Amino acid sequence: MKEQFPQARIVALADQFDLSVVRLGHAAGVNGFCLTASAPEVLIKSFELVMLGETVLPSAIFRSLTSGAASDQDQSLHVNSVAEAKLPALEACKLSMREREILGCLTKGEPNKVIARKLEITEATIKVHVKAILRKIGATNRTQAAMWASQRLPRTEGSTLNV
């Protein structure tokens, strides 16, 4: 593809990536690697970055490449390959009360618009909080954050989070 269209931007989209395939793909001119389970917003931003000339890798792949611990053989990184044990405990994350409240809404699958109305703040503020939550807990998307929270945040009756 690159031989015929040198200006083309190429993104590989898959359920999982083998590190050796990522290295081969990069050598062949692939500009980005995205996981199919990524949130739509993440995919859109990744595509935009690739179109601007950036190289995009899922964080799990980046961590494996930079840690030097991964071998080229038999290193598949699955959709939820960031091991749950590597994600920090609730206390270590230092989430604010508002972030915990928003995280509780994420566990219910509520979109930003619904959370914003419920908490009477703007949707843009929710997006800022969600990004901060993802950064603090080391999650790559809302789904991973919700799974993390469902295992770590205490629940009360009616599946409402006790924050």
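View 1. Let's start with Glu101, which is partly exposed at 32% relative accessibility; here buried means under 20% relative accessible area, exposed over 50% and partly exposed in between, using a 1.4 Å probe and protein chains only. The side chains of the two join in a salt bridge, N to O at 3.2 Å, a term for a side-chain nitrogen of Lys or Arg within 4 Å of a carboxyl oxygen of Asp or Glu. Both residues belong to helix α5 and sit three residues apart, about one turn of the helix. Helices are DSSP runs of H or I with at least four residues, strands are runs of E with at least two, and numbering starts at the N terminus.

This is a predicted model, in which local features need pLDDT of at least 70 and side-chain atom pairs count only at pLDDT 80 or more, while totals for chains, interfaces and linings use all residues. Residues are numbered from 1 along each chain as its sequence is written, and side-chain values use heavy atoms, with hydrogens and water left out.

**View 2. Lys136 and Glu99, a bridge between two helices.** The side chains of Lys136 and Glu99 meet in a salt bridge, with 2.8 Å from N to O. This pair links distant parts of the chain, since Lys136 is in helix α7 and Glu99 in helix α5, 37 residues apart. Lys136 is partly exposed, with a relative accessible area of 27%, whereas Glu99 is buried at 6%.

**View 3. The packing of α5 against α7.** The two helices pack at an angle of about 90 degrees, their axes 10 Å apart; axes are lines fitted to C-alpha atoms, for helices over the stretch in contact, and angles run from 0 to 180 degrees between N-to-C directions. α5 and α7 are therefore roughly perpendicular to each other, the word used for angles of 65 to 115 degrees, with under 35 being roughly parallel, over 145 roughly antiparallel and the rest oblique. On the α5 side, the contact is made by Arg98, Glu99, Ile102, Leu103 and Leu106, where contact means heavy atoms within 4.5 Å. From α7 come Ile126, His129, Val130, Ala132, Ile133 and Lys136.

**View 4. The largest nonpolar core.** A nonpolar core is a set of buried Ala, Val, Leu, Ile, Met, Phe, Trp, Tyr and Cys residues joined through side-chain atoms within 4.5 Å. The largest one has 18 residues, and those touching the most other members are Leu95, Ile102, Leu103, Ile115, Ile126, Ile137 and Trp148. At least two residues each are supplied by α5 (97-107), α6 (112-119), α7 (123-137) and α8 (142-152). The most come from α7, which gives five residues. Another core, of seven residues, lies apart from it and includes Phe17, Leu19, Val30 and Ile61.

**View 5. Glu110 with Lys118.** Here is another salt bridge, in which the closest N and O atoms of Glu110 and Lys118 are 2.8 Å apart. Glu110 is buried, with a relative accessible area of 14%, while Lys118 is partly exposed at 43% relative accessibility.

**View 6. Ala124 and Asn112.** Ala124, in helix α7, is exposed, with a relative accessible area of 52%. Asn112, in helix α6, is buried at 13% relative accessibility. Leaving aside residues up to four places away in sequence, Asn112 touches Glu123, Ile126, Lys127, Val130 and Arg142.
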